[in-house]
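Q: I'd like to learn how to read a few features in a model like this one. Could you take me through them?

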Amino acid sequence: MLRSFVRYGSRNMCNKRKMKLMLLQRHHKLYMLQSSPFWTCRGPLLHGDFEWQDPKSPEEVVNITVIDKQGKRIPVQGKVGDNVLYLAKRYEIALEGACEASLACSTCHVYVKEDYVDRLSEPEEKEDDMLDLAVFLKDSSRLGCQIILTKELEGLELTLPQATRNFYVDGHVPQPH
């Protein structure tokens, strides 16, 4: 027996953006899961989808600069709450992120400009452990996947190191999915 629950009584859920539940079939059982507030007509926002959306208001905009391995300065417009790793992927900046922000590698290693190091939250022990694997480590080193933009980071400058410890072979660069 399959029962559906539609919040707000809307029958045309997708058009009215009222969908709150997703059905999954696992091991021949049906589970009804209430989705997060990040639900769209095409389904839930996937891991990293938030960073692919433009800011909704000027108050959300956070401008940062990424300096790539060749020294090219790339202006990036993010928004409050963006993860630097996924934002770099949106702007096609060569920040690998082999573990997809699961804090299991150091391939999104960046250098934070000294003026901004104190504005970031303290790194967790897991981040410090992963940074121990990074090559060319500096005092201002952080993992891009752990930097979440706030208004206090307006003007932030991040520099990519000359090399990272690549978990792929033959120079493969993973693409966001």
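A: Helices (H or I, at least four residues) and strands (E, at least two) are DSSP runs, numbered from the N terminus, and two strands pair if DSSP finds at least two bridges between them. This is a predicted model, where local features need pLDDT of at least 70, side-chain atom pairs count only at pLDDT 80 or more, and totals for chains, interfaces and linings use all residues. Residues are numbered from 1 along each chain as its sequence is written, and side-chain values use heavy atoms, with hydrogens and water left out.

Q: How many bridges join β5 to β9?
A: Strands of a sheet pair through backbone hydrogen bonds, either parallel or antiparallel. Here β5 (residues 61-67) and β9 (residues 157-159) run parallel, joined by 3 bridges. Ile 67 sits opposite Thr 159 of β9.

Q: In what order do the strands of the open sheet come?
A: The order is β6-β5-β9-β7-β8, 5 strands with mixed pairing. β6 (73-79) and β8 (141-143) are the edges; each has a single partner strand, so one side of each lacks a neighbour in the sheet.

Q: Is Asp 82 buried or exposed?
A: Buried means under 20% relative accessible area, exposed over 50%, partly exposed in between (1.4 Å probe, protein chains only). Asp 82, in the loop between β6 and α2 (84-90), is buried at 1%.

Q: Which residue lies over the face of Tyr 111?
A: A charge sits over a ring if NZ of Lys or CZ of Arg is within 6 Å of the ring centre and within 35 degrees of the ring normal. In this model Lys 138 does so, 4.3 Å from the ring centre of Tyr 111.
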